[in-house]
Amino acid sequence: ALVEMQAQTLDRIDRALKRLKAGEYGICDDCEEEIPEVRLRAMPFATRCRGCQEAAEQSEARQRRAGDRGYRGRSLTEVIGL
């Protein structure tokens, strides 16, 4: 798990370096506003501003919960139709 986390971090840093070369570093992927310097100092590989990142995380959480509701109270056999 630690090796996987390190590999993901290296991948994020590599993508940030590519964004820097392309002149896109520090610009939010979603709202296209400038990502505050304080956030970039804390997370140099951030691709979203704090507001957009929080909105994305909330959306992902809602999708996970909605997916979970589809299986509640049903057995695996019922879910897969056996």
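This is a predicted model: local features need pLDDT of at least 70, side-chain atom pairs count only at pLDDT 80 or more; totals for chains, interfaces and linings use all residues.
Q: Why are Cys28, Ile35, Leu40, Ala46, Cys49 and Cys52 called a nonpolar core?
A: The term denotes buried Ala, Val, Leu, Ile, Met, Phe, Trp, Tyr and Cys residues joined through side-chain atoms within 4.5 Å. Buried means under 20% relative accessible area, exposed over 50%, and partly exposed in between, with a 1.4 Å probe and protein chains only. These 6 residues form the largest such core. In soluble globular proteins, nonpolar side chains tend to be buried together.

Q: Why is glutamate 32 called exposed?
A: Its relative accessibility is 62%, and therefore glutamate 32 counts as exposed. Glutamate 32 is placed in the loop between helix H1 (2–21) and helix H2 (37–42); helices are DSSP runs of H or I with at least four residues, numbered from the N terminus. Its phi is positive, near 60 degrees, in a residue other than glycine.

Q: What makes arginine 48 and aspartate 30 a salt bridge?
A: A salt bridge needs a side-chain nitrogen of Lys or Arg within 4 Å of a carboxyl oxygen of Asp or Glu. The closest N and O atoms of arginine 48 and aspartate 30 are 2.9 Å apart, and the pair is a salt bridge. It links distant parts of the chain, 18 residues apart: arginine 48 is in the loop between H2 and helix H3 (50–69), and aspartate 30 in the loop between H1 and H2. Arginine 48, at 22% relative accessible area, is partly exposed, and aspartate 30, at 44%, is partly exposed as well.

Q: How do you know that lysine 18 and aspartate 14 are separated by about one helical turn?
A: They are 4 residues apart in helix H1, and therefore about one turn separates them. An α-helix has 3.6 residues a turn, so residues three or four places apart point the same way. The side chains of lysine 18 and aspartate 14 meet in a salt bridge at 3.4 Å, N to O.

Key
Residues are numbered from 1 along each chain as its sequence is written. Side-chain values use heavy atoms; hydrogens and water are left out. Helices (H or I, at least four residues) and strands (E, at least two) are DSSP runs, numbered from the N terminus.
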